[in-house]
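Let's take a walk through a protein together.

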Amino acid sequence: MAAKIILLPGDGIGPEIIAPALELLAAVGTSFDYEEHAFGGAAIDAHGTALSDETLAACKAADAVLLAAVGGPRWDTTDPSKPRPEQGLLGLRKGLGLYANLRPVRPLPALYDASPLKREVIEGTDLLVVRELTGGIYFGEKTRSADAASDLCAYSREEITRIARVAFRAARRKVTSVDKANVIETSRLWREVVRELHAAEFASVELEHVLVDNAAMRLVSNPASFDVIVTENMFGDILSDEAATLTGSIGLLPSASLGDPGQPGVFEPVHGSAPDIAGTGTANPIAMFLSAAMMLRHALGLDGEAAAIESAVDRALAAGLRTRDLGGSTSTREATQAVLSNL
Ligand code: IPM
Ligand code: MG
């Protein structure tokens, strides 16, 4: 039986980049049972909620979820009683138990000159941000009155242990655990738990602890010094955008959000829905392509097909594919053709 994949095109450029990704998946010889659902702003318009119960149930029953992007000015609000597209993402993460968010950052030599950093600084960078995705301040209790508000940041030993384990397993040489242990109590627990797990199970992997402000600095001064960065939810949100821009464009970066083995993962670009260019046919589809490749590898065990997509992307970029975000004029259609013809 063909694997079941839920497609969540979402908003903005989402539908424009997910369609070419399906072409690419077919071109590498895969054939899945796809089912599309409205998500984010599109689902708010259709059902009054960013993630309907039916969509969540479908995702739970699937082998994987391929998501493009959500959000847009139409649904922007600070009114806590109004639905927001981002609630769809958070609901999906919590509902599927996706505690591990993997964001690889590997600037291609062909794009070194697109990086905001000098070539000699960016050269050799190849890192993975492992972001905890279902805990911390994102999901802690919130309070709000007219003149005051609060967000609770909470972590348990178990939540820290399971994400640290993902990081140690992914490491080739080193894990950098990022926290704010000089100030924040959850960070002190974080550091203790990571240290204990390291000693008990992963002593052969190098481990360093870095404060988040310092990590932010090192990401732009010496990014090649990182291998795997593991950190809590909000630090990971911020640092992964910072890391993504090192490549020259956030339009190139894929991500995987995973739960326990056997649970369906969600695969999506790191970038957002880019409402300013939606409908112009100029969106960069590469992060979406690479997210599809991560889905093949992590959810479906199709490593060869994943590698085929990744190397076709590398070759197309080396041959000059440059969408607008990379300073060129290649359209979404042309970028898709270029990758297809390099398969
Ligand atoms: C991300 C995004 C989301 C997050 C938003 C849209 C809720 O920035 O996936 O990094 O903060 O997690
Ligand atoms: Mg983010």
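This is a predicted model: local features need pLDDT of at least 70, side-chain atom pairs count only at pLDDT 80 or more; totals for chains, interfaces and linings use all residues.

Where they meet, 13 residues from domain 1 and 14 residues from domain 2 take part in the contact.

Now look inside. The largest nonpolar core has 83 residues, and the ones with the most contacts within it are L66, F168, V175, M295, I309 and L317. Helix α10, residues 286–300, gives the largest share of this core, with 10 residues. Where does this core lie relative to the domains? Domain 1 and domain 2 both give residues to the core, so it lies between them.

Setting aside residues up to four places away in sequence, L66 touches a whole list of partners, including I5, I6, L7, L8, I18, L22, L25 and F267.

Next, let's follow one helix. Helix α9 runs over residues 233–245, which is 13 residues, and spans 19 Å from its first C-alpha to its last. That's close to the 18 Å expected at 1.5 Å a residue.

Which residues of α9 are buried? They are N233, F235, G236, L239, S240, E242, A243 and A244. What do these buried residues pack against? Their partners are the strands β4 (100–105), β5 (127–132), β8 (174–179) and β10 (228–231), along with the helices α7 (185–201) and α8 (212–221).

With a relative accessible area of 2%, S240 falls under the 20% cut-off and so is buried. A polar atom of the S240 side chain lies 3.3 Å from the backbone oxygen of D237. Beyond its neighbours within four places in sequence, S240 is in contact with R103 and V129.

D237 and R103 bring us to the ligand. Around ligand 1 you'll find E86, L89, R93, R103, R131, Y138 and D237. Three of these side chains are worth a look one by one. For R93, an N or O atom of the side chain is 2.7 Å from an oxygen atom of ligand 1. For Y138, a polar side-chain atom lies 2.5 Å from a ligand oxygen. For D237, the distance between a side-chain N or O atom and an oxygen of ligand 1 is 2.9 Å.

Now for the loops. T247 sits in the loop between α9 and β11 (254–258), and with 4% relative accessibility T247 counts as buried. A polar atom of the T247 side chain is 2.7 Å from the backbone oxygen of A244, one of the buried residues of α9. Leaving aside neighbours within four places in sequence, T247 is in contact with V105, R106, P107, L111, S115, L252 and L253.

A181 is in the loop between β8 and α7. Is A181 buried or exposed? At 12% relative accessibility, A181 counts as buried. A181 and R191 are 10 residues apart in sequence, and their C-alpha atoms are 7.1 Å apart in space. R191 is also among the contacts of A181, together with S187, R188 and L211.

S52 lies in the loop between α2 (41–47) and α3 (53–61). S52 is buried too, with a relative accessible area of 11%, and its side chain makes a polar contact of 2.9 Å with the side chain of T55.

Last stop: A274, in the loop between β12 (265–269) and α10. At 24% relative accessibility, A274 counts as partly exposed. Its phi is near 40°, a positive value in a residue other than glycine.

Definitions and conventions:
Residues are numbered from 1 along each chain as its sequence is written. Chains are lettered from A and ligands numbered from 1 in the order in which they are written. Side-chain values use heavy atoms; hydrogens and water are left out. A nonpolar core is a set of buried Ala, Val, Leu, Ile, Met, Phe, Trp, Tyr and Cys residues joined through side-chain atoms within 4.5 Å. Buried means under 20% relative accessible area, exposed over 50%, partly exposed in between (1.4 Å probe, protein chains only). Helices (H or I, at least four residues) and strands (E, at least two) are DSSP runs, numbered from the N terminus. Domain bounds come from an automatic or database domain assignment. Contact means heavy atoms within 4.5 Å. The expected span of a helix is 1.5 Å times one less than its number of residues. A residue is near a molecule or strand if one of its heavy atoms lies within 4 Å of it. A polar contact is a pair of N or O atoms within 3.5 Å; within protein, one must be able to donate a hydrogen and the other to accept it, and residues adjacent in sequence count only if both atoms are side-chain atoms.
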